[in-house]
Amino acid sequence: MQAVVFEEFGGPEVLTVRDVPEPHAGAGQVRIKVQAAGVNPMDYKVRRGYMQGMFDVTFPATPGLEVAGVVDEAGEGAAFAVGDEVVGWAATGAYAEFAIAGNVTLKPEGVSWEQAVGLPVAGETAQRVLDLLGVKSGETILIHGAAGAVGSIAVQLAVAAGLKVVGTASVRNHDFLRTLGATPIEYGDGLVDRVRAAAPQGIDSAFDTAGLGGLKESIELLGGPERIVTIADFSAGELGIHASASGTATPEEVRAGLDSQLALAAAGKLTVRVAETFALADAGKAQEVSEGGHAQGKLVVQP
C-alpha cells in the first residue's frame, strides 16, 4: 500500500510517499480502508521531534491520529464488521491507504468523511478544556483562534452550554463566527480594549487554541491565570497558565463523546468546517498549512 513516511525529524520536506507493507488487524482491532485522515498540530510537532519523551517515534513513521473509512478486515473480538463505515483514532498512521484502529465508532449517514474525521481530536479537546475551565451557563468565555478546527467546535459547545462567546479571528472569519453564535474580534495590538468593548460585563475564562499570543492580555482581563487554558503554547507555564495536551478520560468515555458530537453533526446542530483537502503526495503542504496556524477549519489528507 501507499503511505506517507518520514525517516528523520525535520521540516515538511522529510515526508515522502512510498510503498509499505499492508498492516493487519489484531485482536479487537479493525483495518480501515482510509477515506480521510485528519491533520493536527500534533502531526508536525511529532515530525519535528518536539514530542520526544512524550510521544516517541520509531522510524520509519507514518503520521495521522484521526481516521475515517470503511472496515475491510476485522480482528478477533472486534466490535465492527467488514463494510462498516467508521471514524476514530488510528493505532497506525492514518496518512495511508489502510490503517489499523481499535477505538472507533460508526459514522452516521449525512456526515461526510471529511466532516467526520474533523471531530475525534477537535471534539475531545474542545470539551476537555471547557470541562477544565469549569464553564457555567451565563458566563462569558474568550476563545483565541475561534475559527480553527478546535476553536470552532469549542465555540459551538460553549454556546450550546449557555455561554456568551467572544472569539479572536482574522476579519475574513468574522461572519463565520457570527453564524456560530460568537462575537468576533481581531487579535493583535489593542486586544484588551476590544474584548472589553465586546464584553463590558467582563470575561470569566479564556481558552487558547492557537498559540499566537493573547495569554498576557487574558491574564490582564481575568486578573490572574487561574481560569485560562492553552492547548498550543507550552511556554504558558511561565505565566502560571495550564497547558493541556491530553485528558484522563477512558477510551469508552472519549468514544461516547464522539458519538454525541457526530449525532449533533448529523442533525445539523454542530458545524464541522473543512478548510482544505490534500492528496497523500501533498501531505507536507497540509502540515505546512497546519504549522502556519491560520487554517480556516479542518485540514484533511485523502488517499
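**Sheet, cavity, pocket and selected contacts in a predicted model**

An open sheet of six strands is present, with parallel pairing and the strand order S9-S8-S7-S10-S11-S12; two strands are taken as paired if DSSP finds at least two bridges between them. Helices (H or I, at least four residues) and strands (E, at least two) are DSSP runs, numbered from the N terminus. The edges of the sheet are formed by strand S9 (183-185) and strand S12 (242-243), each of which pairs on one side only. The structure is a predicted model, in which local features need pLDDT of at least 70 and side-chain atom pairs count only at pLDDT 80 or more, while totals for chains, interfaces and linings use all residues. Residues are numbered from 1 along each chain as its sequence is written, and side-chain values use heavy atoms, with hydrogens and water left out.

Within the sheet, strand S7 (residues 140-144) and strand S8 (residues 164-168) run parallel and are paired over four bridges. Ile 143 stands opposite Gly 167 in S8. Helix H6 (residues 191-198) packs on the sheet and touches S7, S8 and S9, contact being defined as heavy atoms within 4.5 Å. The direction of H6 makes about 160° with that of S9; axes are lines fitted to C-alpha atoms, for helices over the stretch in contact, and angles run from 0 to 180 degrees between N-to-C directions.

One cavity of 30 Å³ or more was found. On a 1 Å grid over the protein atoms alone, a cavity is a set of points where a 1.4 Å probe fits but cannot get out, and a pocket is an open set with protein on both sides within 12 Å along at least five of seven lines; lining residues have an atom within 4 Å of a point. Grid points are joined across faces, edges and corners, and a volume is the space filled by probe spheres set on the points. The largest cavity has a volume of about 40 Å³. Its lining consists of Gly 118, Ala 149, Ser 152, Ile 153, Thr 271, Val 272, Arg 273, Gly 297 and Lys 298. Helix H4 (residues 149-160) gives the most to this lining, with three residues. By class, the lining has three nonpolar, four polar and two charged residues, where Ala, Val, Leu, Ile, Met, Phe, Trp, Tyr, Cys and Pro count as nonpolar, Asp, Glu, Lys and Arg as charged, and the others, Gly among them, as polar.

Arg 273, one of the lining residues, is found in the loop between H8 and strand S13 (274-279). Leaving out residues up to four places away in sequence, Arg 273 touches Ala 147, Asn 173, Phe 176, Gln 296, Gly 297 and Lys 298.

The second largest pocket has a volume of about 340 Å³. It is lined by 22 residues, of which Glu 124, Gln 127, Arg 128, Asp 131 and Ala 249 are the closest to its centre. Helix H3 (120-133) and helix H8 (251-266) each supply at least two residues of the lining, which comprises nine nonpolar, nine polar and four charged residues.

Eleven salt bridges are present, each a side-chain nitrogen of Lys or Arg within 4 Å of a carboxyl oxygen of Asp or Glu. One of them joins the side chains of Arg 18 and Glu 7 (2.6 Å, N to O). Arg 18 is in strand S2 (residues 16-19) and Glu 7 in the loop between strand S1 (2-5) and S2, eleven residues apart. The peptide bond from Phe 59 to Pro 60 is cis, with omega near -5°.
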